[in-house]
Amino acid sequence: MTNFNELANLLFPNVDKTPEYYENLYPARNLKEGARVTRLAPSPTGFLHFGHLYACTISYRTAKTTDGIFYVRVEDTDQKRKVEGAVEVMLESLAAFGITPDEGIMADGTQKGAYGPYIQTERKEIYQTYAKYLVEQGLAYPCFCTEDELNDIRAAQKEEDIIGYYGKYAKCRNLSYDEIKANIDAGKPWTLRLKSPGEVGRKITFDDMIKGKIEMGENVIDVVLLKTNGIPTYHFAHVVDDHLMRTTHVTRGDEWIASVPLHLQLFRCLGFKPVKYIHFATIMKEDNGGKRKISKRKDPEAAATYYISEGYPAASFNEYVMTLMNSNFEDWRRANKDADISTFPFNFKKMSVSGALFDIVKLTDVSKNVISTMSADEVFELSYKWAQEFNKELAGLYEKDKAYATAVLNIDRGNKKPRKDIAKWSDIPDYVSYMYDETFKENYELTGNATPELAVKVLTLYKDIVDINDDKDTWFNKIKEICEPVGCTPNVKEFKQNPDAFAGHVGDVSTIIRVALTGRTNTPDLYAITSLLGAERVQKRIENAIRHYEEVK
C-alpha cells in the first residue's frame, strides 16, 4: 500500500507550506451578511467580447447591489495565448462602461487588495501546496503517459459513452511508490491527476441560480491538475483561487454547465465550501429570420471597443444591458425615471433561462432616451472627451468656443419632451454641422408647398426683418406677417380647408427659412438656431439661398 505522505514528499520536495498556512493568510472576508464576492477572470488574449462584458456586468451588479466586492483575477496559465498589455486594455474598456474593480488587477497593471497575487502564474506555490495536500489524502497521483499513449486510449474509447482517463483506462492510477520513484529517477515527465472518487452511473444535483435544480452524472475522469511544468490547469486553479479569494458567486456562460460536476468534486476533495454558480444563456442576435451567436468575425458590435469608438455613453450602454439582464427592469425604469441604475434591485431569478436577444436598434433607442435627459454641460463634457480620441475635427470645433458648443447642444434640451436626435457621440458631428461654417453643407431642397419662386419671395422679405435680439414671440409673429404678402396663410387649418386659395401656409414659410439657414427640413428649435448663428451668418446664408433659388426658379 502506497504511503501517501512519502509520495507527496517525493513529488513536491520543495513545498514546505500547508493549506492551513494559506487559510490563515487569506481569512474569510469581513463583509455584512448577504454581501457577494464576484470576479472577472480574463485570459490575457486581447479581445473583450460583448459576451465577456455582459458576464462582467452581471458579476459587477450583483456585488454592488449587495455591498460586496468585485475583483479581477488574471488567468494566464496558458502562456502560449498571452498578449502583452491585453488585460490593461480590457480594464480600460471596462472603465469606459463604469466598471472599476474594488481589488485585483487595476487598469495601470498594479495589484490592489489583500487576497493576491491576482495573477495565476504568480501563485504556483499556492497550487502546489494544495496539490501536495491532495496527494497526501490519496486523491491525486502522478501520470507518466505520453501523448501517444493518451491518443491510444482515446482511440480505444470510440464506442464508449464516457471519453477520458478513468477506470481501466487510467494506466497510472495504481502505480506503486517504487514504480513512481523509478519513473521520476529516470527523468520521465509527469502530470498530476485527480484520483476521482466519482462512480459511473451515480448522479449529483446542484442548484443553478438561473437554471434552477440540475441533475448530472458525477465526474469520473481523472483530470489533470498540474501540467508537466507544474502550472495548474484552469479547473484546479480556479477552484483554489475562488476559495482563497473568498468568492461567493461565479457567473459564466451556460457552456460551462458540463464542467460543474468536476468543479464541485474538486471543491469537495479539497475540503472547500463550493461557490454558487450562475450560468446564463449565450447572447444571440437575429440573422435572416433565424438566431445565432454574436460573432467577432461577422459583427462589429461583438467587440466592446465598438461601443466606445461609436460613442455610446456608459449610462446608455448599462441601461440597455440591464434590459437584457432582468426582465422587470423596464417596468422599474418607467416607475423610477430619475433613479440611479445602481438602486435597481438586480435579481438572478429575473434573468432569462433561454437567453437574451441583442438588438442594436433597441440600444439606439435606449441611448437616445438617456442622452435626452442629460444636461448640455454633461453632453458637452462626455462628447468632448470622446471627440479628443475619436474625432479631432469635432474636438477642434468645440475648442474654438466651448460656451457656443454647449449652447448648441442645449437647443431643445430640458423641455418636457426633449428631442432625441443623438444616440451616440458619433452622431454629434452631423447633428451640429450646420452650426459651424466649416462643416455647413448647403442643401436647398424644399418640401411641402414650398417652391423656389415662393422661397425667393419669403427670404427677400425675411432678410430685412430678422433680428436675432427679438424674443421668440416677436420672431414668430414676423414670420407670420410674411405669409400674406407672399400669398400664404398664417393659419394651417385655414389652408387645409381651402388649399387652392393659398400658395402655402406658415409651416411652408418656416421650412424655407429653415432650409436656407441649416440645409435641412427637420431641426431643433429654429428660433434658438437663428439666435446662435448670429446676424452676420444668418444674412449671408439667406443671401446665398436667394441667389440659388433665383437661378433655378
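# Exercises on a predicted protein chain

The 73 positive charges of the protein chain and its 81 negative charges have mean positions that are 4 Å apart. Here Lys and Arg count as positive and Asp and Glu as negative, while His and the chain ends are not counted; each charge is placed at NZ of Lys, CZ of Arg, CG of Asp or CD of Glu.

Before you start, note that this is a predicted model, in which local features need pLDDT of at least 70 and side-chain atom pairs count only at pLDDT 80 or more, while totals for chains, interfaces and linings use all residues. Residues are numbered from 1 along each chain as its sequence is written, and side-chain values use heavy atoms, with hydrogens and water left out.

## Exercise 1: the whole chain

**Task.** Describe the secondary structure, spread and surface of the protein chain.

**Solution.** 

Step 1. Start with the elements: the protein chain has 23 helices and 16 strands. Helices (H or I, at least four residues) and strands (E, at least two) are DSSP runs, numbered from the N terminus.

Step 2. Now look at the spread. The radius of gyration is 33 Å, well over the 24 Å that the globule rule gives for 553 residues, so the protein chain is more spread out than a compact globule. This radius is taken over C-alpha atoms, and the rule is 2.2 Å times the number of residues to the power 0.38. Along the principal axes, the C-alpha trace spans about 110 × 45 × 45 Å.

Step 3. The accessible area is about 26,800 Å², and carbon and sulfur atoms account for 48% of it. Such areas come from the Shrake-Rupley method with a 1.4 Å probe; for residues, only the protein chains shown count as cover.

Step 4. Finish with the inside. Of the 553 residues, 52% are buried, where buried means under 20% relative accessible area, exposed over 50%, and partly exposed in between (1.4 Å probe, protein chains only).

## Exercise 2: an enclosed helix

**Solution.** 

Step 1. Helix α22 covers residues 526-533; six of its eight residues are buried, so the helix is largely enclosed by the rest of the structure.

Step 2. The buried ones are L526, Y527, A528, I529, T530 and L533. They pack against α16 (402-409), α18 (452-465), α19 (472-483), α21 (506-518) and α23 (535-552).

Step 3. After α22 comes G534, with a positive phi near 90°.

Step 4. Now bring in Y434, which lies in the loop between α17 and α18 and is buried at 4% relative accessibility. Leaving aside neighbours within four places in sequence, the contacts of Y434 include I529 and L533. The C-alpha atoms of Y434 and T523 are 10.0 Å apart, although 89 residues separate them along the chain.

## Exercise 3: the backbone

**Solution.** 

Step 1. Recall that most residues other than glycine have a negative phi, and most peptide bonds are trans.

Step 2. The bond from G116 to P117 is cis, with omega near 5°. P117 lies in the loop between β4 (111-112) and α5 (124-136).

Step 3. D67 has a positive phi near 60° and lies in the loop between α3 and β2 (69-72).

Step 4. D412 has a positive phi near 60°, and its place is in the loop between α16 and α17 (428-431).

Notes:
Contact = heavy atoms within 4.5 Å.
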